[in-house]
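Notebook open, viewer loaded. I want to jot down what I look up as I go through this one.

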Amino acid sequence: MSAPRPLVVIGAGGFGREVVDLVRDVGRAGTAYDLLGLLGDVGPDAGVLDRLGVAWLGPVAALADLPRGTAYVVAVADARARERLAAQADADGLEAVTLVHPSAVVGTDVRMSPGVVVAAHCSLTSNIALGAHVHVDRACTVGHDAVLEDFVRLNPGAVVSGRVTIRRGATLGTGAVTRQGVDIGAGSFVGAGAAVVTDLPPGVVAVGVPARVTRDVGDGG
Ligand SMILES: CC(C)(COP(=O)(O)OP(=O)(O)OC[C@H]1O[C@@H](n2cnc3c(N)ncnc32)[C@H](O)[C@@H]1OP(=O)(O)O)[C@@H](O)C(=O)NCCC(=O)NCCS
């Protein structure tokens, strides 16, 4: 049997710590990694990391000191920050891997690009494409023929219906739901608990049931 592959988690906030446990659960299910530790520019709470039993490897600049080929995931919710950190890790010769919690139910035809993280209790059905560094947090469902472009994030409990397209860097808030076939523009942010029933343009915040645009957040990446 080959030795477990060394892996670092970039991001030492709440989601970074959740991903540490995800890595351990994935290991118990058969794909063991040698978890070297967490990195991030926002300092961690030492007591919390102690209880988690994981090492702090320093700020993101320390990526350059790791052996080329070290595996990584970026566990940072903000899409633009995630994109910047992934570019830095790639430039330093690290390799993004995909982590899928063993409790997730993943259909036969679900395609995942490097850097995808699927957390516990998710369900993804048929003919689904997840782009690079997509996060599907706990207990989300993703229906048939959905496309989640690079750097999309689904916060816990989001529901993506069939034939929905979520463009690059967009985020669905906790418990947000989508009507089948809608298209959510790049970089847009759907508020917690919203119901998206019509297409959303790029670069907006939308909240409520039905979701209405409340403000612009820029060019949408
Ligand atoms: C949508 C969101 C990004 C808006 O943030 P914001 O632009 O800073 O908005 P504010 O908090 O200033 O609120 C602006 C208005 O929108 C309302 N609002 C904010 N979020 C809302 C939501 N999810 N649903 C309905 N209304 C919402 C506020 O009540 C406020 O209304 P008012 O002007 O009548 O007082 C944020 O509230 C949200 O829902 N984030 C998702 C959180 C999440 O998923 N967390 C999980 C992390 S794992």
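My entries follow, grouped by region.

**Ground rules.** I'm working from a predicted model, so I keep its cut-offs in mind: local features need pLDDT of at least 70, side-chain atom pairs count only at pLDDT 80 or more, and totals for chains, interfaces and linings use all residues. Residues are numbered from 1 along each chain as its sequence is written, and side-chain values use heavy atoms, with hydrogens and water left out.

**Entry 1, helix α1.** I took helices and strands as DSSP runs numbered from the N terminus (helices H or I, at least four residues; strands E, at least two). Helix α1 covers residues 14-28, and I checked its length first. The expected span is 1.5 Å times one less than the number of residues.

Next I asked which residues of α1 are buried. Buried means under 20% relative accessible area, exposed over 50%, and partly exposed in between (1.4 Å probe, protein chains only). The list is F15, G16, V19, V20, L22, V23 and V26. They cover an arc of only 165° around the axis, so they are on the same side of α1; the arc is that of the directions from the helix axis to the C-beta atoms. After α1 comes G30, with a positive phi near 130°.

**Entry 2, β1 to β2.** Strand β1 (residues 5-10) runs parallel to β2, with 6 bridges joining them. My pairing rule is that DSSP finds at least two bridges between two strands. I10 has L39 of β2 as its bridge partner. From β1 the chain crosses through α1 to β2, and this β-α-β crossover is right-handed, meaning that with the strands pointing away from the viewer, the path from the first strand over the helix to the second runs clockwise. Because 5 of its 7 residues are buried, β2 is largely enclosed by the rest of the structure.

I then looked at G43, in the loop between β2 (33-39) and α2 (46-52). At 58% relative accessibility, G43 is exposed. G43 and G13 are 30 residues apart in sequence, yet their C-alpha atoms are 8.4 Å apart in space.

How many strands form the open sheet, and in what order? I get 8, in the order β5-β8-β11-β14-β17-β20-β22-β23, with mixed pairing. The edge strands are β5 (99-100) and β23, each pairing on one side only. β5 and β8 pair in the parallel sense over 2 bridges, and L99 is partnered with V117 in β8.

H121 isn't a glycine, but its phi is positive at about 65°. H121 sits between β8 (117-118) and β9 (123-124) and is exposed at 59%. A139 also has a positive phi, near 60°; this loop residue lies between β11 (135-136) and β12 (141-142) and is partly exposed at 42%.

S188, in the loop between β19 (183-184) and β20 (189-190), is buried at 0% relative accessible area. A polar atom of the S188 side chain lies 3.0 Å from the backbone nitrogen of G203. Last stop: V209 and P210 are joined by a cis peptide bond, omega about -5°, and P210 is in the loop between β22 (204-207) and β23 (212-216).

How values were computed. A polar contact is a pair of N or O atoms within 3.5 Å; within protein, one must be able to donate a hydrogen and the other to accept it, and residues adjacent in sequence count only if both atoms are side-chain atoms.
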